[in-house]
Amino acid sequence: MERELALEIVRVTELAALAAAPWMGRGDKHRADEAATNAMRGMLDSVSIRGTVVIGEGEMDEAPMLYIGEVVGSLQGPEVDVAVDPLEGTELVARGLNNAMAVIAVAPKGRLLHAPDMYMEKLAVGPALAGKLRLEDPIRTTVEKAALALHKQVSDLTVMLLDRARHAELIRSLREVGVRIKFLSDGDVAGAIAPAFPEAGIDLYVGSGGAPEGVLAAAALKCLGGEIQGRLMPLNEEQEQRCRAMGLSDPRKLLRMEDMIGNDDVIFAATGVTPGEFLGGVSMLPDQRAETHSIVMRVKTRTIRYIKSQHYLPNKPILGQL
Ligand code: VTB
Ligand code: MG
Ligand code: MG
């Protein structure tokens, strides 16, 4: 993959974020998602790749755009796999809450885990804890190891997780060990990546969220020097079958970074829709301008670019057609 691709890719998440932003706080997550998806799909056509969507908006018969298996890009350029979440946190946008973003990851063909739409148990950390913790450990052990490695008191650690009833037991254990908890209402790509940004103030990300979101977070964490470990949580026989169909003979196998995104090059880009732990949201400016905040990174070089752009909206014909 050529390095220019990183800059082309960020234009894709920028446009998806610009398309979703007008729907902020309007209580309609479907329209917000649709706008982001259409914009991302349209923009991808101008990117110099022969891409196949491996993580997308659903199976071919349930998603009209960016479905799994869809061919995207200008069809000139490297053959790549593409993982997208045009609007990660549709509910966040509908309710005007933090941490919604447009996300994409691109990797050489065959490298991204084709994570099925089910839950994944996750443990994500920043560079200071990469390689030092194990998802299989009891949460108490994990927290104690983390505190030791970070030279902090357990009571000074901040752990982030989705606020869900299914986490009741985990929350009880976390309270017992005495860490501080920061809850997310949605958006666990942003949550899992947060520990890699010191300014976010998150030491650990734990709990279960979407498996596709886990792979997207793995792409970002690889560029950032962090780590995520995951384990799929098939809830019935049909989901078990789906795991086996994608080549996982043991669906509950521990998934490491290399299982999720391979060992090679990956490009990750995200643009904030609402403000988040490490990205600003879309701001509407006077005179039909809007400002976006994006991050684009590549494993090969480990360069992390923050891109702040001011867009002149009348020059974005795709947005007018949504
Ligand atoms: C998860 C999480 C996402 O939606 O998929 C969640 O990974 C939906 O799962 O980040 P539940 O509501 O069943 O927990 C998000 O929060 C937003 O897409
Ligand atoms: Mg989505
Ligand atoms: Mg999502």
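View 1. The magnesium ion (ligand 3) sits 4.1 Å from the magnesium ion (ligand 2), and Asp 85 coordinates both. This is a predicted model, where local features need pLDDT of at least 70 and side-chain atom pairs count only at pLDDT 80 or more, while totals for chains, interfaces and linings use all residues. Residues are numbered from 1 along each chain as its sequence is written, chains are lettered from A and ligands numbered from 1 in the order in which they are written, and side-chain values use heavy atoms, with hydrogens and water left out. Coordinating the magnesium ion (ligand 3) are Asp 85 (OD), Glu 88 (OE) and Glu 213 (OE), at 2.2 Å. Donors here are N, O and S atoms within 2.8 Å of the metal (3.2 Å for Na, K and Ca); water is not among the atoms, so sites may look incomplete. Along the chain, the donors of the magnesium ion (ligand 3) have the spacing D-x2-E-x124-E. Asp 85 counts as buried because its relative accessibility is 11%, and Glu 88 is buried too, at 5%. (Buried means under 20% relative accessible area, exposed over 50%, partly exposed in between, with a 1.4 Å probe and protein chains only.)

**View 2. Helix H1 packing on helix H2.** Helices (H or I, at least four residues) and strands (E, at least two) are DSSP runs, numbered from the N terminus. The axes of H1 (residues 4–20) and H2 come within 8 Å and cross at roughly 150 degrees, which makes the two helices roughly antiparallel, a label for angles over 145 degrees. Axes are lines fitted to C-alpha atoms, for helices over the stretch in contact, with angles from 0 to 180 degrees between N-to-C directions. Buried residues of H2 include Ala 36, Met 40 and Met 43.

**View 3. Leu 5 in helix H1.** Leu 5 lies in H1 and is buried, with a relative accessible area of 3%. Leaving out residues up to four places away in sequence, Leu 5 touches Val 47, Ser 48, Ile 49, Val 106 and Ile 267. Leu 5 and Ile 49 are 44 residues apart in sequence, yet their C-alpha atoms are 8.5 Å apart.

**View 4. Ala 124 in strand E5.** Ala 124 belongs to E5 (residues 119–125) and is buried, at 0% relative accessible area. Its C-alpha is 4.9 Å from that of Tyr 205, 81 residues away along the chain.

Notes: Parallel < 35°, antiparallel > 145°, perpendicular 65-115°, else oblique. Contact = heavy atoms within 4.5 Å.
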